[in-house]
Amino acid sequence: MIKHSLLVLVTGLLLGMVMPGQADDSLLPEIPAAQARFSETQGCVEPTADMRRNHMKYILHQRDETMHRGIRTKQYSLVECINCHVSDTPDAARVSSEEHFCSSCHSYAAVNIDCFQCHADRPVKTSATQAMPAVAESGSASIPVLAIEETTHE
Amino acid sequence: MSEQSNFDQYRRRFLSGSAATVAGMAVAPGVLLHEIGHARPASQAVTDEVRWGMLIDSNKCAEGCDDCVKACNEEHGLTGHGRPATDSQWIRKVTLKDKQTGHTQTLPLLCQHCEAPPCVDVCPTGASFKRADGIVLVDKHICIGCRYCMMACPYKARSFIHETLTDQKPYSPRGKGTVESCTFCVHRVDDGETPACVEACTAENHNAMVFGDLNDPSSKISQQLKQYNSRQIRADLQLNTGVRYRGI
Amino acid sequence: MKQVDFREIDGGKPFYMLVGFIGLFVLAALGAAYYMEHNGHYVTGMTNQVVWGTPHVFAVFLIVAASGALNVASISSVFGKTAYKPLARLSGLLAITLLVGGLAVLVLDLGRPDRLIVAMTYYNFKSIFAWNIMLYTGFMAVVAVYLWMMMERKMNSFTKPAGLTAFVWRLILTTGTGSIFGFLVAREAYNTALLAPMFIIMSFAFGLAIFILVLMGMYRWSNRPLGDAILYRLKNLLGVFVASVLYFVVVYHLTNLYITENHGVERFILLDGGIYTKLFWIVQIGLGGLLPLALLYLPATGKSRGWIGISSLLVIIGGLAQIYVLLIGGQAYPLEMFPGKEVSSSFFDGVVASYTPSLPEFVLGIGGVAIALAATIVGTRVLRFLPVSLADSQVDPHHKAEETAA
């Protein structure tokens, strides 16, 4: 009896170890590339490792600043995040699909995001004042570099 | 190391220079106002030095005209779902007919942005709040959708979002299960512009709506308020509304 | 004073069947809540004009009744009437379960029920709603402690202070509930200080009516004796409370009728409000007020268990109608923004708003009642809330003396 179940257990473990080994890469999220860079050296408004861990902190702080104090700096603005990370073509991914920038990682991490119940998940050009991210005239870089003033964080 | 800091300095100068140029180029076509507000820099918090207000002249308001309503709906993406009882309306045209004399008139009714807003008093989480410059807003991040503010508003200015929404305007986030109302187009005001309704009324040369700083005696609205008689709706409640009316 | 014996009700198949049956209503309510939350409130009858509907009628009723259900315990602990002492535990249990039922309905109807944690961590202390959140949760804790003092022999000496705390707390709580409406200047039907004490007296009536029904039901179900002595005291008390509610209603409307600017809303409620007028006169005043008064005090019906039960049920139905008229009728009547003018707009200004209760709302409301009932029944099964016997010999200390004397 015990020998039999032990055999089943070991077989199962071995099979389990072998199978995903072949499809290892597809387990990690495929995060779509952004439309611009923050600077030559830095992709996003903060170093990538910092953003991965702390983007929520920046977003939460900024939302209170904007909502209650009318501060509309662009560095941590959610609208600017979307403008940069999501394309504005009509067939761009919605947040409900895993190909959306935010969903690609959030569905992998199984963390629910509430933002897009209210916020637009794609950039929308509504008027000249709400244009796509102002990009700098850069001669050397192949990807456009954003023109956002760095705000000092407290 | 010093190379890196030099590079950073260079980058910053380069970026801010480009930002100024491109931002100017981007903003210029969008500027078409008659009265530019105090263009407060984006990183500066609002203060109570300014108090935003609106003066609406009912005499100049034509029956059947709803340019202000259409502009508001367009600006904020209020598309409606064919359900008038539950669709959001941030501004609406109201027709009044005197029961005794038969005199009729119309006026737009919107959130009055009171100085002592009942909606702010009753909100259990503080989501309904008054900004330092007098604009009354709903912080939809902490709104739990209890609708008590809707019960409390003496002007029925608030709407509840009764369905799932998509394709919201980026500068006017709105979602199911929260309460909303006229924001005085706060995103435009913060950029130094006027609300969409006022802009539309002025652009069509009706000139029934004036927006500006009530604390500034030299602003157009303050001068008009001083010169002409105006009233608040439900003035007896002493809420000191930011929106005043002529001709009622 | 005779020692009162408390024992849990029996379990077994009938118990599970009963709880299971009530549980079905709870499940249905959860389904209705999910349906409303997932699709958005457009699937309900609630609109931008009538923002609080049937779920809120049930929720307010249950919350008001919850504070009133504690009355019986308060009479024994605070006012020293020993005849009510055996009932105190059930009274406390019912207070908690009714409140839980009402709060469940309220929370499940929120536009963003997922933000309940936000509601419990962000407070605007000027809002009576925020105070109520703390009063409601605090009430459950206070009554739980009160029950503990009653049920733990070592702590019995603390019953009186605990009972006093609970009594004062529930008065503040019900004042808060009435003030939800009383503090609103916007609507003609609200905006009066009278609503706070009116809610207190309503709580006395509704809470006691529910208590009587639950008491009679539980004792019939568990085959325990329920004597006339205690029942007649309770039903006489119910009559007093029903009369008091009628008094407050009369004062409320009489005052409004004197004030010219309130004539519009009075005409609406009392005369031409359609369903609201019918509910007011026929159900609230007639079925919920005058008829139970007659049934409870007339000699022909006042001593009959059946009629006492029916009277309690009528009081409950009348109470629901009263809250419906206040809550929904008060919202249906248009805001008086332009006195002397006929008002019309695309946003239903100047017209009486129409409201039809929808099925999901009703199912959610009933679910709240079901939660309260199920919790009560499970509570009496698990802990010793019910006295073994409430026969006259047990309850009335003078009863036996009379018998031996006679």
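Trainee: Where is A132(B)?
Mentor: In the loop between β4 (128-130) and β5 (136-138) of chain B, with strands (E, at least two residues) and helices (H or I, at least four) taken as DSSP runs numbered from the N terminus. This is a predicted model, where local features need pLDDT of at least 70, side-chain atom pairs count only at pLDDT 80 or more, and totals for chains, interfaces and linings use all residues; side-chain values use heavy atoms, without hydrogens and water. Residues are numbered from 1 along each chain as written, chains lettered from A and ligands numbered from 1 in the order written.

Trainee: Why is A132(B) called partly exposed?
Mentor: Buried means under 20% relative accessible area and exposed over 50%, with partly exposed in between (1.4 Å probe, protein chains only). A132(B) has 39%, so partly exposed it is.

Trainee: Which residues does A132(B) contact, beyond its neighbours within four places in sequence?
Mentor: V46(B), T47(B), D48(B) and V50(B), where contact means heavy atoms within 4.5 Å. V46(B) is 86 residues away in sequence, yet the C-alpha atoms are 6.1 Å apart.

Trainee: What makes helix α2 (residues 67-76) of chain B count as largely enclosed?
Mentor: 7 of its 10 residues are buried, so the rest of the structure largely encloses it. Among them are D67(B), C68(B) and V69(B). The buried residues of α2(B) pack against elements of chain B including β2 (91-98) and α6 (196-203).

Trainee: What follows α2(B)?
Mentor: G77(B), with a positive phi near 70°.

Trainee: And why does L14(A) count as partly exposed?
Mentor: L14(A), in helix α1 (residues 2-22) of chain A, has 46% relative accessibility, so it lands in that middle class.
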